[in-house]
Amino acid sequence: MKKLLIPITFVLLSAGAFAQEKGEGYNLDKEYAIAATGTLTLRCSDAKVSVSGTNRTNAHVKINRLVSTKGWVFGSQDEFSVDVNQNGGNLEIEEHKRHQMTGVIGYYSEKYTIDITVPQGVSLTIKGDDGDYKIKNIAGAISIDVDDADIDLTACSGDRFNFKLDDGDVTMDAGKGELEIDADDADVQISNAHFSSINADMDDGDLLIETSIVDNGRYFIQAQDGLVALTITNGGGKFEILHDDSRITTEGNFSKIAESDDRTHVSLANGNANVEIRTDDARVRLTKR
């Protein structure tokens, strides 16, 4: 009886598998109406996404996806579609994807890009999983909620930024207004900013922000491991750091107010902003430029 078990099992597994060499694609290239200050909402996963603001008066959406397989595929079922809805001057784009491949002996590849151009004043809301997100020249609010992804913002002049992610990187070459960050194993680097408030919750990873600070502005940063580096380009105020095994360093004309095993309090002249940093093992570096 035992000698018959292996051939029978092989036949049963093989019944759900088939040899193939094929490519399946989805293509969309179309213009849609959107208000000059409307909101673009995008829900997608595993895509290379590019959103650019221009002087156009509508949205141009271009989506290309190609899935290629070669070899033995077990239980493969790939269903993909995209819904595009226009609603009160806003535009909503939502991906629907179901992939039920249980195994493959051979080759599987997915090439998936989303390129969107919109009026510069549009706001942006993105909900996704993995992927790369390049955002350029957007003047509205930006909110991005993803898992393992890289986010790169260039010349975005809005006054509200919200990022939520697990692994990945966030880079910005400018920023102003309100900044909110909720990140796990992520690195965030922002330069040439003028934030009026910051609320950042970091786990592992580095947070490097170069910004001016404003009177009565509220800046709160919570971090576990990694590095918190604030470079102050203009303004001043009080900096209170609650820490465990952290190392605190300052560069520039900071004045020490108080220091203990778990608290360091310094000030910077020419302003009354409130900066609070809470850390466990993270390093903290304050620089006045």
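Trainee: Why is aspartate 185 called partly exposed?
Mentor: In this predicted model, aspartate 185 has a relative accessibility of 40%. Partly exposed covers the range between the 20% limit for buried and the 50% limit for exposed, so aspartate 185 belongs to that class. The residue is placed in the loop between strand S14 (175-183) and strand S15 (186-202).

Trainee: What makes the group containing Asp185 a patch of negative charge?
Mentor: Its members are Asp129, Asp130, Asp148, Asp166, Asp167, Asp182, Asp184, Asp185 and Asp201, gathered on the surface. Asp counts as negative, and a patch requires over 30% relative accessible area, no salt bridge, and like charges joined within 9 Å.

Trainee: How do you know whether valine 67 is buried or exposed?
Mentor: The relative accessible area of valine 67 is 5%. Buried means under 20%, so valine 67 is buried. Valine 67 is part of strand S4 (residues 58-74).

Trainee: What makes lysine 134 and aspartate 152 a salt bridge?
Mentor: The N to O distance between their side chains is 4.0 Å. The criterion is a side-chain nitrogen of Lys or Arg within 4 Å of a carboxyl oxygen of Asp or Glu, and the pair is accordingly listed as a salt bridge. Lysine 134 belongs to strand S9 (residues 131-136) and aspartate 152 to strand S11 (residues 149-154), so the bridge ties together parts 18 residues apart in sequence. With a relative accessible area of 27%, aspartate 152 is partly exposed.

Trainee: Which parts does the salt bridge of glutamate 210 and arginine 289 tie together, and how do you know that the pair qualifies?
Mentor: The N to O distance for glutamate 210 and arginine 289 is 2.4 Å, which meets the requirement of within 4 Å. Glutamate 210 is in strand S16 (residues 206-211) and arginine 289 in the segment after strand S24 (283-288), so parts 79 residues apart in sequence are tied together.

Trainee: How many salt bridges are found in the whole structure?
Mentor: There are 11. Among them is the pair lysine 256 and glutamate 259, at 2.8 Å from N to O; lysine 256 and glutamate 259 are both exposed. Salt bridges also link Asp46, Arg65, Lys97 and Glu110 in a network.

Trainee: Why does isoleucine 232 count as buried?
Mentor: Its relative accessibility is 1%, and under 20% is buried; isoleucine 232 therefore counts as buried. Isoleucine 232 is in strand S18. Leaving out residues up to four places away in sequence, isoleucine 232 touches Thr211, Ile213, Phe239, Leu268, Thr287, Lys288 and Arg289.

Trainee: What makes threonine 231 buried?
Mentor: Its relative accessible area is 14%, and the limit for buried is under 20%, so threonine 231 is buried. Threonine 231 also has its place in strand S18 (residues 227-232). Beyond neighbours within four places in sequence, its contacts are Ile209, Glu210, Thr211, Thr287 and Arg289.

Trainee: Where is asparagine 270, and what makes it exposed?
Mentor: Asparagine 270 is in the loop between strand S22 (263-268) and strand S23 (273-279). Its relative accessibility is 72%, and exposed means over 50%; asparagine 270 therefore counts as exposed. The phi of asparagine 270 is also positive, near 70 degrees.

Definitions and conventions: Residues numbered from 1 in each chain as written. Predicted model: local features only at pLDDT ≥ 70, side-chain atom pairs only at ≥ 80, totals over all residues. Heavy atoms only, no water. Patch = residues over 30% accessible without salt bridge, like charges linked within 9 Å, V, L, I, M, F, W, Y side chains within 5 Å. Areas by Shrake-Rupley, 256 points an atom, 1.4 Å probe, with all protein chains shown as cover. Charge placed at Lys NZ, Arg CZ, Asp CG, Glu CD. Helix = DSSP H or I, 4+ residues; strand = E, 2+ residues; numbered from the N terminus. Buried < 20%, exposed > 50% of the residue type's maximum accessible area, 1.4 Å probe, protein only. Contact = heavy atoms within 4.5 Å.
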